Amino acid sequence: QLTIIFKSFQECVDQKVYQAEMDELPAAFVDGSKNGGDKHGANSLKITEKVSGQHIEIQAKYIGTTIVVRQVGRYLTFAVRMPEEVVNAVEDRDSQGLYLCLRGCPLNQQIDFQTIRSAQATEGRARRKGPSLPAPPEAFTYETATAKCREKLPVEDLYFQSCVFDLLTTGDVNFMLAAYYAFEDVKMLHSNKDKLHLYERTRVLTPGNAAPTGTHPTLWVALLCLCWLCLL
C-alpha cells in the first residue's frame with residue numbers, strides 16, 4: 001500500500017490524500033477529486049492517468065513537485081522530483097518519511113551483494129557434488145540474471161545492479177521491469193541528463209550514513225525511493 005498526503009497550503013490547495021494498493025491504482029484522490037479542491041489554486045495540484053491501472057502522475061506545482069506511481073507486476077514503485085529547498089524545509093520530526101531519500105539505507109538493512117554471490121557459488125559447487133536435482137524454473141544464476149537485466153538496462157549502473165540483485169534473491173522478472181521503469185522515470189524527472197546513471201553505492205556514504213552530495217543539480221534533486229532491499 002502507498003499513501004501520499006498533501007497538506008492544506010494557505011489559499012492554494014485543500015488537504016488531499018492519495019492511496020494506492022496492489023491492483024488498485026486510482027486516478028483520483030481518496031475523496032474522488034482529481035485536483036486540489038475548492039481553493040483558488042486548486043489546479044496547481046492534479047492527478048493525470050498515463051496508463052490505466054499501471055501509471056499515474058501527480059503534479060504539485062505549488063511546491064514544484066512531481067510524483068510518479070506505477071504498478072509493476074505485484075509491486076508498487078514511485079519516484080519523486082522535488083526542489084532541494086522543499087526537502088530541506090522538512091522539520092526533523094517529520095523527516096522519517098524521507099529517510100531513505102536523504103540518508104540511504106540504514107546499516108542494519110544493508111546486504112552485501114558479494115556475499116550473496118559467494119554463497120550462490122558455494123551452493124552450486126555442493127549441488128554438483130551431490131545428487132542431480134532440477135533447479136526451480138524461477139532460479140537465476142549471476143550469469144543468467146545479468147543477461148536478463150541487459151535486455152532492458154545495457155549500462156551496468158545502480159539500476160542494473162539492483163535488477164541483478166533482485167533477480168538473484170527473488171527470481172521475479174517483474175523486478176527487471178521495476179528497475180527499467182525506475183530509470184525511465186529518472187530520465188523524465190532529472191534536470192541534468194549527464195547524471196542519469198548512478199554508480200554510487202551505500203557503502204561509500206558520507207559520515208553518519210548521509211546520502212552523498214554532488215549527485216544532483218544545485219536546485220533540483222531527483223528522489224528515487226524504491227521498495228527494494230539495499231544493495232551495498
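Analyst: Buried means under 20% relative accessible area, exposed means over 50%, and partly exposed is in between (1.4 Å probe, protein chains only). This is a predicted model, where local features need pLDDT of at least 70, side-chain atom pairs count only at pLDDT 80 or more, and totals for chains, interfaces and linings use all residues. Residues are numbered from 1 along each chain as its sequence is written, and side-chain values use heavy atoms, with hydrogens and water left out.

User: Thr146, then: buried or exposed?

Analyst: Thr146 counts as buried because its relative accessibility is 7%. Thr146 lies in helix α4; helices are DSSP runs of H or I with at least four residues, strands are runs of E with at least two, and both are numbered from the N terminus.

User: What does Thr146 touch, not counting residues up to four places away in sequence?

Analyst: Phe160 and Val164. Contact here means heavy atoms within 4.5 Å.

User: How do α4 and α5 cross?

Analyst: At roughly 130°, with the axes of α4 (residues 142-150) and α5 coming within 9 Å. That makes α4 oblique to α5; angles under 35 degrees count as roughly parallel, over 145 as roughly antiparallel, 65 to 115 as roughly perpendicular and the rest as oblique. Axes are lines fitted to C-alpha atoms, for helices over the stretch in contact, and angles run from 0 to 180 degrees between N-to-C directions.

User: And which residues meet there?

Analyst: From α4, Tyr142, Ala145, Thr146, Lys148, Cys149 and Arg150 meet Phe160, Cys163, Val164, Leu167 and Leu168 of α5.

User: What about α5 against α6?

Analyst: α5 (residues 158-170) packs on α6 at about 160°, axes 8 Å apart. So α5 is roughly antiparallel to α6. Among the residues that meet are Tyr159 and Cys163 in α5 and Phe175 and Met176 in α6.

User: Which residues of α6 are buried?

Analyst: Phe175, Met176, Ala178, Ala179, Ala182, Phe183, Asp185, Val186 and Leu189.

User: Switching to the largest nonpolar core: which members touch the most others?

Analyst: Ile4, Phe6, Tyr18, Leu45 and Ile58, out of 21 residues. The elements giving two or more residues to this core are β1 (2-6), β2 (16-20), β3 (45-51), β4 (55-60), β5 (65-72) and β6 (75-83). A nonpolar core is a set of buried Ala, Val, Leu, Ile, Met, Phe, Trp, Tyr and Cys residues joined through side-chain atoms within 4.5 Å.

User: What is Tyr18 in contact with, leaving aside neighbours within four places in sequence?

Analyst: Leu2, Thr3, Ile4, Leu25, Pro26, Ala28, Phe29, Ile47, Ile56 and Ile58.
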